[in-house]
Amino acid sequence: MLQESARQGVQRQVLTPHFYQHKETSVADFLQKRQLAYEKIAHQTDMPELWLGAEVAWELGISECEGIECLAIEGTQLILLEPSYYRFHRVMLQDVYHLKNDIISCRCWRIFTGMRGSIRKNSCHSCYRSM
């Protein structure tokens with residue numbers, strides 16, 4: 001699929017495996033698994049430039065997840081946040097607000113609404129470099 005994307009003119013592609021807090025032991029373990037998967041394909045030719053990221057599923061307390069700031073799309077200030085499929089509730093907004101103000105200390109936030117959403121934030125570039 002990546003090679004077909006390149007053939008069709010795609011220059012960059014973001015790899016965003018799903019991060020489910022309740023299924024992972026830690027963000028660090030997730031990053032390690034993601035890096036190992038990336039290394040399996042990174043040597044291939046005729047592919048777009050690949051950036052690592054994650055699609056972070058919103059779960060109650062996601063803002064308390066240690067290292068959540070390290071799931072930003074590599075080289076950007078963007079984290080992809082998958083809203084819950086349950087009815088929107090104020091606690092979701094409070095959790096996102098907590099991410100913005102207490103965890104990430106960001107100056108440039110934009111929340112996009114819809115079935116899928118994303119949040120601009122300061123990325124933790126050291127997380128990617130330490131792998």
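Which residue forms a salt bridge with K33? It is E24, with the closest N and O atoms 2.9 Å apart. K33 counts as partly exposed, at 48% relative accessibility. E24 is buried, at 17%. Why buried? Because buried means under 20% relative accessible area.

Let me step back. This is a predicted model. The chain has four helices and six strands. From the N terminus, the order is α-β-β-α-β-β-β-α-β-α. There are 131 residues in the chain, and 41% of them count as buried.

Now the inside. The largest nonpolar core has 17 residues. Those with the most contacts inside this core are F19, V27, V56, I62, I68 and L71. Three elements that each supply at least two of its residues are α2 (27–41), β5 (78–82) and α3 (90–104). In soluble globular proteins, nonpolar side chains tend to be buried together.

Back to salt bridges. A search of the whole structure finds three. Next, R12 and E49 meet at 3.4 Å, N to O. This pair links distant parts of the chain. R12 sits in strand β1, E49 in strand β3, and they are 37 residues apart. E49 counts as partly exposed, at 42%.

Last, R7 pairs with E4, the closest N and O atoms being 1.7 Å apart. Both sit in helix α1, residues 2–7. They are three residues apart there, so about one helical turn separates them. R7 is exposed, at 64%, while E4 is partly exposed, at 29%.

Technical notes: Residues numbered from 1 in each chain as written. Predicted model: local features only at pLDDT ≥ 70, side-chain atom pairs only at ≥ 80, totals over all residues. Heavy atoms only, no water. Buried < 20%, exposed > 50% of the residue type's maximum accessible area, 1.4 Å probe, protein only. Core = buried A, V, L, I, M, F, W, Y, C linked by side-chain atoms within 4.5 Å. Salt bridge = Lys/Arg side-chain N within 4 Å of Asp/Glu carboxyl O.
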